[in-house]
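Hi,

Here is the structure I promised to pass on. Have a look at it first, and then read on for what turned up.

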Amino acid sequence: MTPAGKLQEYLKRVVQKSGGQYRKARWEGRRGCPDCFIWWTWPRAAFVEIKADDDRLSGHQQREIERMRGDGVPVFIARSIEDIDEIVALLK
């Protein structure tokens with residue numbers, strides 16, 4: 001499993017353990033979708049882009065995240081277990 005895959009599995013596990021929901025996300029016919037959508041009860045929800053090690057956002061990802069954030073959609077970028085723990089603590 002890749003380092004990013006391990007972080008996604010960790011995110012899924014801690015979200016579900018805390019009573020939240022986790023879904024792998026994908027846009028149909030469009031690039032740049034953040035990796036995951038997590039939520040508890042509305043409005044405690046966010047998209048999360050997982051980037052391990054020195055992975056960088058692609059231009060499509062950067063534009064999509066900026067567009068979403070500009071419209072008030074919470075999008076986080078997680079690069080470590082500590083980032084994931086902070087995101088989950090903030091939202092739950």
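One definition before anything else: I call a residue buried if its relative accessible area is under 20%, exposed if over 50%, and partly exposed in between, using a 1.4 Å probe and protein chains only. By that scale D53 is exposed, because its relative accessibility is 59%.

A word on where this comes from. It is a predicted model, so local features need pLDDT of at least 70 and side-chain atom pairs count only at pLDDT 80 or more, while totals for chains, interfaces and linings use all residues. Residues are numbered from 1 along each chain as its sequence is written, and side-chain values use heavy atoms, with hydrogens and water left out.

**Helix 1**

Helix 1 covers residues 3–17. The expected span of a helix is 1.5 Å times one less than its number of residues.

Which residues of helix 1 are buried? They are A4, L7, Q8, Y10, L11, V14 and V15. Viewed down the axis, these buried residues fall within an arc of 160°, so they line one face of helix 1. (The arc is that of the directions from the helix axis to the C-beta atoms.) The face turned away from that buried side carries the exposed residues K6, R13 and K17.

The buried residues of helix 1 pack against strand 1, strand 2, strand 3 and helix 3 (81–91), where contact means heavy atoms within 4.5 Å. Take Q8: it is buried, with a relative accessible area of 14%. Setting aside neighbours within four places in sequence, Q8 is in contact with Y22, K24, D35, C36 and I50. After helix 1 comes G19, with a positive phi near 95°.

Strand 3 (residues 45–50) and strand 4 (residues 75–78) pair in the parallel sense over 4 bridges; two strands pair if DSSP finds at least two bridges between them. In this pairing F47 stands opposite V75 in strand 4.

Together with helix 2 (residues 59–70), these strands make a right-handed β-α-β unit. Right-handed here means that, with the strands pointing away from the viewer, the path from the first strand over the helix to the second runs clockwise.

Helix 2 has 12 residues and reaches 16 Å from its first C-alpha to its last, close to the 16 Å expected. Its buried residues are Q61, E64, I65 and M68. They cover an arc of only 100° around the axis, which puts them on the same side of helix 2. As background, an α-helix has 3.6 residues a turn, so residues three or four places apart point the same way. The buried residues of helix 2 pack against strand 3 and strand 4. Just after helix 2, G72 takes a positive phi of about 90°.

**Aromatic rings**

How many aromatic pairs does a search of the whole structure find? There are 3. Rings of Phe, Tyr and Trp (its six-membered ring) pair if their centres lie within 6.5 Å; planes under 30 degrees apart count as stacked, over 60 as edge-to-face and the rest as tilted. One of the pairs is W27 with F47, edge-to-face at 5.7 Å centre to centre and 70° between the planes. W27 lies in the loop between strand 1 (21–24) and strand 2 (36–39) and F47 in strand 3, so the pair ties together parts that are 20 residues apart in sequence. W27 is partly exposed at 26% relative accessibility, whereas F47 is buried at 13%. W27, F37, W39 and F47 form one aromatic cluster.

**Loops worth a click**

In the loop between strand 2 and strand 3 you will find P43, and the peptide bond from W42 to P43 is cis, with omega near 10°.

The loop between strand 3 and helix 2 holds A52, D53 and D54. A52 is buried, with a relative accessible area of 3%; leaving aside neighbours within four places in sequence, A52 is in contact with P3, A4, L7 and R79. D53 has a positive phi near 50°, in a residue other than glycine. D54 is exposed at 71%, and its C-alpha is 8.7 Å from that of R79, 25 residues apart in sequence.

Cheers

Definitions and conventions:
Helix = DSSP H or I, 4+ residues; strand = E, 2+ residues; numbered from the N terminus.
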